[in-house]
Each structure stands twice: as structure tokens, then as C-alpha cells.
2 protein chains.
Amino acid sequence: MATEIASKKYALILSTARELFWKYGFKRVSIEELCVKAKVSKMTFYKFFPNKIELAKRVFINESEAGLKKFKSILHENKSPAETLKKIVQLKLEGSANISKDFLLDFYENNDEGLKDFVMQASRSAWLKIIKEIREAQRKRVFTSSIRPELLMHFSEAMASMITNKELLEYYASAHDLIKELTHLMAYGLGADKKSK
Amino acid sequence: MATEIASKKYALILSTARELFWKYGFKRVSIEELCVKAKVSKMTFYKFFPNKIELAKRVFINESEAGLKKFKSILHENKSPAETLKKIVQLKLEGSANISKDFLLDFYENNDEGLKDFVMQASRSAWLKIIKEIREAQRKRVFTSSIRPELLMHFSEAMASMITNKELLEYYASAHDLIKELTHLMAYGLGADKKSK
DNA sequence: CAAAATTATACTTTTTTAGTATATTTTTGT
DNA sequence: ACAAAAATATACTAAAAAAGTATAATTTTG
């Protein structure tokens, strides 16, 4: 059926755009390049999207939603605080939780008025939803209530960047100690209040 | 003096180009963008380089030479095989040993005849120099002679990619074992022949 | 202060990209 | 197999971006 073919090509355009935009931002990627890589003709592209900006917006929204969804599902697994945090960090490492910096910058540096507002508002909205999820998890005792959700997010961010840090090999020498510390922190430092059990 | 100012700006252009080209390749980077980021006027740019291609070539050559130099100095430290390999892997992790893939691709995909040959020849030349260095190290018993230099290079490459692999967190669970194995391999698996001592 | 270097500006030319029209081919449902 | 719908290749125009240059003004340096 028409819609099925459509969605096949549509999906191809989206996933290719995601890949390229993630790496280079959208300014550096031409529609033609995108079409070649997605194996879609330019005409087909224009059947689905009026221009590159609208495609970029779509990618942005989709990724935000997908990120939030993954985030939610982790929090709803009701695993231990350590396990939950570990999964969140892993999500960040995969790059599935955050919008690429280069991609984001192209929105901010774009001249079209309103586009900047679009991402700012969307980003804020996504952020608020995540915070809300964490609060709910706290209510369910997945995390201690004594930590502010915002801090928890920054904490997992910091952990992810620690791990991707290229000085990794150096710290391999004493990796055993580091892992021990990290594990301990996850297991006891962030647990739900024990006394309230 | 003129040369000093010149070399200051010149160096600024080069380091900025390195940074941008590494990330995006040179096709996606405009001279204007480069100049803005390097805080150099376009006129100054054209005082040093006739065009972007020549700059890209210069960056390529410099990086190749710098990489080889670092590589050499590691091999000449006469550390243990394990320590030496560790340092080589670290070099690869820093991205100082290899030319960026995006950067390289722009050379290959460029229409200018001769440019493709330029990199192919330069790459080959750099590769041969590295192999030569390894052979020399083998003569000095830094590495066992029973491994082919080419294999050693691919091995360190594989190790580096293992470490940057985003499944790192997963393997954290049994990281202790992995490190033990890796350390053992480095210490005993690649050492110079013991009997010949 | 004078010479050299660097920059800002403004400009032309060239190249790239965006977007569209149309004829042709491929795919799909029946 | 056939008709309708979808997708593509091609070729094109318009618009935007990038390359490259000339010149006057400014900054830096000895």
C-alpha cells in the first residue's frame, strides 16, 4: 500500500538524517548527500519534507521522544538504585539519551527566527519530563529523596564523561580500585533511605 | 620579527585546521569558518596557503610526521613489551597516531587528479616507516621477533577499538578478569624471547 | 615614528545547494 | 498481466555559499 512504501522511504530518510546530523550537524549536510546516502531520490525527499529545517526538527523531536522513552523504561524496571544508575549512564554512553552537540549548535546558530526558540522550548520540555520521571522514581523509592533530580542527571552525565575519557588506559593500572569505589558509591551512596523500609 | 608573527598565525591556522578537519573532513569546512575560528583574516590565510587543498595536504603531512615521531620515541624508550604496547594503544586512543577517517575520505573522494595519489603514497610511506621502526625494535628485543610488524599494528588497533567500545559499562561487571587477562597477555604473550637472553 | 604585518570591507567569480518540472521506470494491488 | 500509484533519473533555474582578490585602514613591531 501507498503508506507502507512511503513509510519505508520516510524511515530511511529519517535514520540517515539522524546519522549524518549527529556527526556533522545539519548545516554541513546537503539534501543531495542525504538522499544519496539514504538511497532515495530528491523528489521523494521533497514529497515528505518541505526543506532541511523541517527534517531537522523532525529528527530532533523523534530523538527527544525516543530518549525519554528509553529513560522512562529504565526507571520503570524497578531495579536497584545502582543498577538503574548504571543503565542510565550506559544510555548516555550510547548517545541515545542526549542530542548531539553539533546538531544542537546548528539550531542555535541558525538565522531563522523562531528556530532557536523551537529547540529551546523543546529541550526545556524534555528536561522537565525527565525530572518529573525521576521524582516519580523517588516516590517509588528507586532513588533516595535526598538528592535533587537535577543533580542526579548531572551526576550521571559526569560519570559517562569519566568513562569516555581517553585517560582510561592510565587508570587501568588501578582500575580495580576505581571500580570498587564506583560500585560502592552506586550501591550505598545513592540508595533509597534504609530506615523508611 | 616577521617570521615570528607569521609562524604564530601560521601555527594558529594549522592547529585550527587540524581540529576542524579531524572532525568534519576538509570538504565540510570553509576557509571563512576556519579563519573565524583561528582568529585570522582571510587575507592572512591566503598569504600562507594558495587554497584549502594545500592546507589539507600540509595538515596531513604534519600529522603523519608527528604521529611517527611519537611512535618512534615510544619504541626508543626501551621499556618492557607490555609497557610499550600500552603506550602505543594509548597513542591510538588519543587519536594522535591515526589520521581521521573523515579527513582521509575527503582526499579519496576529491575530483582533483593526483590528490588521491598524494595521500595513497604518503600513507604508504608512513606505514613503511612504522614497520621499519618495529623491526628495529624487534632487533633490540623490545618485541619478540616471532610476530610480524604488520600484525602487531593491527593488534594494537584492535585493542584500542576494544577500549573505546561503548559496551564498556557492560564489561565493567567483570572488568577485573578482563584486565587480568589483558595484563597477562601484554606481559607474557608478546615479550622478547626469553631463552635468547 | 616608520615599515611591515594584519585586518576589515567590499567586491567579483565560481561552485554548491535548493528546489522544480517532466519523462521514464519500478512497484503494487487486483 | 495490467492499470494506477509511487519512485526515480535527468535536467534545469534560482538562490545561496564559498573562493579568491583589491584596497584602504588599523595594528604591531623594531
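Predicted model: local features only at pLDDT ≥ 70, side-chain atom pairs only at ≥ 80, totals over all residues.
Author: A residue is buried if 20 or more other C-beta atoms lie within 10 Å of its own.

Reader: Glad to have it. What makes A:Val59 count as buried or exposed?

Author: A:Val59 has 23 C-beta neighbours inside 10 Å, and the cut-off for buried is 20 or more, so A:Val59 counts as buried. Its place is in helix H4 of chain A.

Reader: Which residues does A:Val59 touch, leaving out those up to four places away in sequence?

Author: They are A:Leu14, A:Ala17, A:Arg18 and A:Phe21.

Reader: Let's step back to the whole of chain A. What elements does it have?

Author: Chain A has ten helices and zero strands, and its pattern along the sequence reads α-α-α-α-α-α-α-α-α-α. Of its 197 residues, 22% count as buried. Among contacts in chain A with a separation of 6 or more, 68% are between residues 24 or more positions apart.

Reader: Why are H4(A) and H5(A) called roughly antiparallel?

Author: Helix H4 of chain A, residues 52-75, packs against H5(A) at an angle of about 165 degrees, with the axes 9 Å apart. Angles over 145 degrees count as roughly antiparallel, and H4(A) and H5(A) therefore get that description. H4(A) passes H5(A) in a right-handed crossing. On the H4(A) side the contact is made by A:Lys70, A:Phe71, A:Ile74 and A:Leu75, and on the H5(A) side by A:Thr84, A:Lys87, A:Ile88 and A:Leu91. These contact residues divide into five nonpolar, one polar and two charged.

Reader: What about the loop between those two helices: how do you know whether A:Asn78 is buried or exposed?

Author: A:Asn78, which sits in the loop between H4 and H5 of chain A, has 11 C-beta neighbours inside 10 Å. A residue with 12 or fewer is exposed, so A:Asn78 counts as exposed. Its phi is near 55 degrees, a positive value in a residue other than glycine.

Reader: And what class does A:Arg141 fall into, and why?

Author: A:Arg141 has 15 C-beta neighbours inside 10 Å. Exposed needs 12 or fewer and buried needs 20 or more, so A:Arg141 counts as partly exposed. A:Arg141 lies in the loop between helix H7 (115-139) and helix H8 (149-164) of chain A, and has a positive phi of about 65 degrees although it is not a glycine.

Reader: Over to chain B, then. What makes H6(B) oblique to H7(B)?

Author: The axes of H6(B), residues 101-109, and H7(B), residues 115-139, come within 7 Å and cross at roughly 135 degrees. That angle makes the pair oblique, because the antiparallel class needs an angle over 145 and the perpendicular class runs from 65 to 115. In H6(B), B:Leu104, B:Phe107 and B:Tyr108 meet B:Leu115, B:Lys116 and B:Val119 of H7(B). Here the contact residues divide into five nonpolar, no polar and one charged.

Reader: Why does B:Leu91 count as partly exposed?

Author: B:Leu91 has 19 C-beta neighbours inside 10 Å, while buried takes 20 or more, so B:Leu91 counts as partly exposed. Its place is in helix H5 of chain B. Beyond four places in sequence, B:Leu91 touches B:Lys70, B:Phe71, B:Ile74, B:Ser96 and B:Ala97.

Definitions and conventions:
Residues numbered from 1 in each chain as written. Chains lettered and ligands numbered in written order. Axes fitted to C-alpha atoms, helices over the stretch in contact; angles between N-to-C directions. Helix = DSSP H or I, 4+ residues; strand = E, 2+ residues; numbered from the N terminus. Parallel < 35°, antiparallel > 145°, perpendicular 65-115°, else oblique. Left-handed = near helix turned anticlockwise from the far one by under 90°. Contact = placed C-beta atoms within 7 Å. Nonpolar A, V, L, I, M, F, W, Y, C, P; charged D, E, K, R; others polar.
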